Every structure is written in C-alpha cells, then in structure tokens.
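Visitor: I would like a close look at a single part of this model. Please start with the sheet.

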Amino acid sequence: MNCIAIDDEPLALELLKDNIGKIPFLNLVAACNNAFEAMETMQTQSVDLIFIDIQMPGLTGLQFIASLEKKPLVIFITAYKQYAVESYDLDVVDYLVKPVPLERFIKACNRAKELHELKSVKSSVTKEKTPSHFFVNVDYSQLKVKFDDIIWMRGYGDYIKFHLKSIEHPLVVRTTFKDLEMELPQNKFIRIHKSYSVAIDEITAIRKNSIFLGEKELSVGETFRESVEKLIGKRN
C-alpha cells in the first residue's frame with residue numbers, strides 16, 4: 001500500500017516514518033510537513049493510505065481530509081482526544097492518540113490493509129459485472145455490438161441505425177430507443193433528440209442547438225436540451 005505521512009512536528013514525523021518502515025506492506029511515498037505539501041504529492045502519486053496529524057498551521061488534518069473528493073484510507077495520529085468523534089464522521093480507519101504504542105500502530109495498519117483488500121475485491125467484482133457489449137438481432141443472428149464501438153444512433157420508427165467505428169455503413173437493427181435504453185450504459189450515452197442518441201466520449205463540441213461528432217452535426221431536440229446542458233455543467 002502506498003502511503004504518505006503528514007505532521008508539522010519534525011520529531012513526530014520522524015517517529016512516524018520509522019514506524020511505517022517497520023510495516024512490510026506499507027510503502028512510504030512522501031513525508032510532508034503540512035497539508036499543502038501532501039496535495040502536491042497526491043497530484044503525482046497514487047496514495048492508498050494517509051497518516052495525518054490534526055492540529056497543523058494553515059489547514060488542519062480534518063479540513064484537509066474533508067476537502068478530498070476521492071479519499072484514500074485515513075489514520076489520524078494526534079495529541080488531542082477531543083476530535084475523535086468529528087474524525088469518524090469522515091469515515092477514517094482509526095484515530096491514534098500520541099504517544100502511540102507500536103502494537104497499537106500495527107493494529108491500525110492491519111485494519112487499513114484489510115479495508116484496502118476488501119475495497120479492491122469490490123472494485124474487481126463491479127468491473128466484472130459491468131458489461132462491455134450487448135447483442136442485437138441482425139439477419140436472424142445475434143450480433144455482438146461493443147459499447148465503445150458506437151458513435152451515434154438514429155431511430156426510424158421500429159428500426160435504429162447504428163453508426164459504428166468498425167464498419168463503414170450503418171448497422172440497421174429492428175428495435176426502438178425505449179428498448180435500447182435498457183441495454184445502453186447511461187454514463188456512456190445521451191439522448192439528444194427523439195431520433196438521435198450519441199456516445200458521450202465521441203462528442204467534440206456542443207452548441208445551443210447542436211452537438212458535433214467530429215464533422216458530423218446533429219440537432220438537439222427541445223425536450224432533450226436540459227440533459228445536454230447538464231452534461232456541460234450549465235445546470236445542477
């Protein structure tokens with residue numbers, strides 16, 4: 001597990017570094033004197049676990065952890081007992097009060113390791129459950145279509161034309177957008193018109209009434225304009 005240590009007291013930081021060095025599954029990527037140094041480190045380093053003091057100048061440990069959009073696992077190490085309840089609101093692994101006995105430190109690290117492994121297993125299961133493709137009826141056969149291969153789709157009554165990266169001509173499938181939207185991942189596609197649905201990653205530009213897929217321009221229907229505006233952050 002990659003970890004960082006944050007403490008504004010040099011002696012406390014050295015002791016923390018020494019204790020981390022005794023734990024075989026921990027890899028210390030940085031020792032920081034304040035939260036701002038830690039911010040810089042986390043922009044370039046993958047961090048699984050943070051050891052952090054609470055009372056620090058500029059930005060406290062609590063404020064720093066609360067500011068993180070994606071939180072690694074966190075162990076607070078502090079001389080103050082009164083922040084324990086507040087710290088657990090941040091869903092931390094443990095709260096250690098200085099001076100910390102080595103066996104208590106090891107116990108906290110083992111708990112962090114268990115949580116990290118559990119998180120990794122859940123992430124793997126989620127990825128396995130997320131499909132990368134679906135099947136459509138074409139010429140009495142079930143044809144596999146990969147979601148990443150789709151550029152955009154156009155509906156014609158009970159038929160939809162799939163414009164794909166892998167083939168030159170559109171793939172015509174007997175289905176409707178209502179049925180199709182049950183198959184398509186909502187985070188990958190957006191309906192922009194009663195007749196059009198597009199792959200979000202293929203969008204190159206957006207205007208008030210149009211969406212561009214490279215040189216291809218598609219109209220945005222009035223009913224779907226709000227969804228497009230949300231996509232570009234104009235509305236909450």
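Visitor: In what order do the 3 strands of the open sheet lie?

Guide: The order is β13-β14-β15, and the pairing is antiparallel. The model is predicted: local features need pLDDT of at least 70, side-chain atom pairs count only at pLDDT 80 or more, and totals for chains, interfaces and linings use all residues. Residues are numbered from 1 along each chain as its sequence is written, and side-chain values use heavy atoms, without hydrogens and water.

Strands are DSSP runs of E, at least two residues, and helices are runs of H or I, at least four, numbered from the N terminus. Two strands pair if DSSP finds at least two bridges between them. The edges of the sheet are β13 (205–206) and β15 (216–219). Each edge strand pairs on one side only. Strand β14 covers residues 210–213. Its antiparallel pairing with β15 runs over 4 bridges. Take I211: its bridge partner in β15 is L218.

Leaving out residues up to four places away in sequence, N19 touches L102 and F105. Contact here means heavy atoms within 4.5 Å.

To sum up the sheet, β13 and β15 are its edge strands, and β14 meets β15 over 4 bridges.
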